[in-house]
Amino acid sequence: MTALTIARPQREGISAQPVRDATAIAGRALRALPQEMETVIPPIFIALFFFVINIGTLQHLTQSHIHGFDIKAFMLPTAILIGVTGVSRAGSLVLDIHDGYLDRLLLTPVRRLAILVGHMVADVAIACMLTVPILILAFAIGVHIQAGVPGRSSPWPASGAWPSPASATPSPSRPATRRR
Amino acid sequence: MTHISVRPRDADREPPAIRTEGLVRAFDGAVAVDHLDLDIRRGEIYGFLGPNGAGKSTTVRVLCTLLAPTGGRAVVAGHDVAAEPERVRLRIGVALQDVALDPKQTGVELLRLQGRLYGLSRTAIADRLEALTRLIDIGDALGRPIRTYSGGMKRRLDLAAALVHEPEILFLDEPTTGLDPVSRARVWEEVRRLNAELGMTIFLTTQYLEEADELADRVGIINGGRLVAEGAPDELKRRVGNDVIVARFGGPGDAARAEAARRRVEAVPGVRGVDTRGDELVVTAADGAATIGAVAVALDAVAPVRHLTLRTPTLDDVFLELTGNHIQLDDRQEEVA
C-alpha cells in the first residue's frame, strides 16, 4: 500500500443533481444486467410461449365467430404485459441491503429519492428491451398496427411504465438487516 | 510507541470536527448510546475503544447519518447530523465494520460510481482512481468483479471507496477486523499517513487495544453506551499505575489461593493495587522493578507461582480498572483474510 500523493481535488457542485445521480445508479443496474440474465430470460420466454400458444389455440375459435377480430393483435399487449410484469429491481435492492452496498449509497450525498428513481429507471429500460423480441415475433407473424408510428411506438412507454409501481413498492419479504 | 500524527497548528482554535452533546440512540427502549459527549479536534486520530455491544458502531452510524439520534445532538464537520445530513455526508468518508461493496461491479466501476455520486468530474475521478489504485495496491484485480476478491482486498477497496472524495473526516469502524497482521500494519501505516499528510480527522473504533494505543492521539473508552474514560493512551495508562505485575498460579483450586495471596500482597510496600482475575493476581505498582522481588516473596508464602510477569499497563488494564471486565474480542478478529 503506497501513499496517497495527489493534491486534494476541488469539489464540484454536489448533492443537488438528482437526474445525474439517478442516471448513475440506473447505469450501474444496467451494467449488472448481463450477470443477471436469469431475471430476464424466463419472463421473455414465458411471454413468447403464451403468445404463440394462445394464438394457436384461440385463433380458429375466435376468428370464425367474431367478424374482423384479430387474435394476434389482441394477444400482443397481453404478451407484453406478461413479459414485463416480472421486471423489478426490488430483488437487486434486497441484494444491495444484504451485501451492505445500500449503506454505501446512503452514505453518499445523493438524495434517497434519486436512489429509488435510479432503480426504477433501470426497470423501465429493461421492460422496454423485453418488449423488442415480442414485437419482432408479432410483426413476423403478421400483426399490423393501424395507428402508424405513434401506435407502433406506444408499447414501449406502456411496457416501461408497467413495472415501475412494482419497483416502488417495498417488498414484505425484504430483510430488515444486512448480512453480517 | 511510534507516532507520526501531525495536527494542524490551528486545530485548537478551529471548531471541533465532531461534537456530540448528550447523544442518545435507543432501539425499542434498549439504549445503545447513552448521553454521549464527545469533542474531537480537527486533525486528530480519535480511538473509540470498547467491547462488543458497547455502542461503538451505533455511535458511528449516528455520526454518519445512517441512524437518526433518539436524543441529544451531534455536529460533524460543522453540520448537524439530523438537520443537514447531506452536508455531513459530503464531508465524511466511512468504512463500516462490514465491507459495503457491490459484488457484481468491478473495483474500477465501484470507485467511478462513487466519484460520480460525490459530483466529481470525469477528470477528477480519473485522477482519484490513479491515486487510489496506488493506495490499495491490489494490482490488476481492480478490473475484476468484486465477488472474486479476498477479504483483505475487499477491505482495502472499501477504504478506497471511503476516500474517493477525499473527506475531511474519516470514520473507520473496526477497519482491521479480519485482516492478517501484514494487512493490518498496512492499514495502520495508511491511517497515520492520511492524518499526517492530509490532516484528515480520523474517528477509529476498535476492539484491538494495541491499535488504539498505536494510532490514536486520544482514546475514548465506551462501555454500555457510556463514555467511561477519555484521554491520551499514556495518560489513561498512568491512571492504572506505572507498572503491572501479573502472577499466575494455574491448576485447580488456585482461584482461592489467588484470593489469599491478594491479602498478603496488598501489604507489600510500593503496591498501589491488587486485583484477582480467576487464577491470576494483577498487582499495580509505582515501580515494578523495585517491587517485584517483595511480591514474589509474599506470594511464595501462599502458593507456588507458575508465571510471574512484569509489564507496563495496557488499555485493557485501564478498561478493567474502570469497568471490572476485560474487553471481549469479537470472534471474527481471528479470521485471516
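Author: Two strands pair if DSSP finds at least two bridges between them. Helices (H or I, at least four residues) and strands (E, at least two) are themselves DSSP runs, numbered from the N terminus. The model is predicted, so local features need pLDDT of at least 70 and side-chain atom pairs count only at pLDDT 80 or more, while totals for chains, interfaces and linings use all residues. Residues are numbered from 1 along each chain as its sequence is written, and chains are lettered from A and ligands numbered from 1 in the order in which they are written.

Reader: Which residue of E2(B) does Ile18(B) stand opposite?

Author: Strands E1(B) and E2(B) pair in the antiparallel sense over 7 bridges. E1(B) covers residues 18-27 and E2(B) covers residues 30-40. In E2(B), the residue opposite Ile18(B) is Ile40(B).

Reader: Which residue in the hairpin of E1(B) and E2(B) takes a positive phi?

Author: Most residues other than glycine have a negative phi. The hairpin has 2 residues between its strands. A positive phi near 50° is taken there by Asp28(B).

Reader: Which strand of chain B does E1(B) pair with over 5 bridges?

Author: The pairing is antiparallel. Within it, Glu21(B) stands opposite Arg73(B). The partner strand covers residues 71-76 and is E4(B).

Reader: Which strands are at the edges of the open sheet of 6 strands in chain B?

Author: The order is E6-E7-E8-E3-E9-E10, with mixed pairing. E6(B) pairs with strand E7 (residues 169-173) in the parallel sense over 4 bridges, and Ala95(B) stands opposite Leu172(B) there. Each edge strand pairs on one side only, and the two are E6 (92-95) and E10 (226-231) of chain B.

Reader: By what angle are neighbouring strands of this sheet turned against each other on average, and what angle does H11(B) make with E9(B)?

Author: Axes are lines fitted to C-alpha atoms, for helices over the stretch in contact, and angles run from 0 to 180 degrees between N-to-C directions. Direction ignored, neighbouring strands of this sheet are turned by 15° against each other on average. Helix H11 (residues 315-323) of chain B packs on the sheet, touching E3, E9 and E10 of chain B. Its direction and that of E9(B) make an angle of about 40°.

Reader: How do the residues on the side of chain B that touches chain A divide by type?

Author: Two residues are in contact if their C-beta atoms, placed from the backbone, lie within 7 Å. The contact takes 41 residues from chain B and 31 residues from chain A. Ala, Val, Leu, Ile, Met, Phe, Trp, Tyr, Cys and Pro count as nonpolar, Asp, Glu, Lys and Arg as charged, and the others, Gly among them, as polar. On the side of chain B, the division is 20 nonpolar, 4 polar and 17 charged.

Reader: Which helix of chain B do the buried residues of H1(A) pack against?

Author: Helix H1 (residues 18-31) of chain A holds buried residues, including Asp21(A), Ile25(A) and Arg28(A). The buried residues pack against helix H4 (90-99) and helix H6 (112-140) of chain A. From chain B, the helix they pack against is H3.

Reader: How many C-beta neighbours does Gly115(B) have inside 10 Å?

Author: Gly115(B) is in helix H3 of chain B. Leaving aside neighbours within four places in sequence, its contacts include Leu120(B), Ile125(B) and Val164(B). Gly115(B) counts as buried because its C-beta neighbours inside 10 Å number 24.

Notes
Buried ≥ 20, exposed ≤ 12 C-beta atoms within 10 Å, placed from the backbone.
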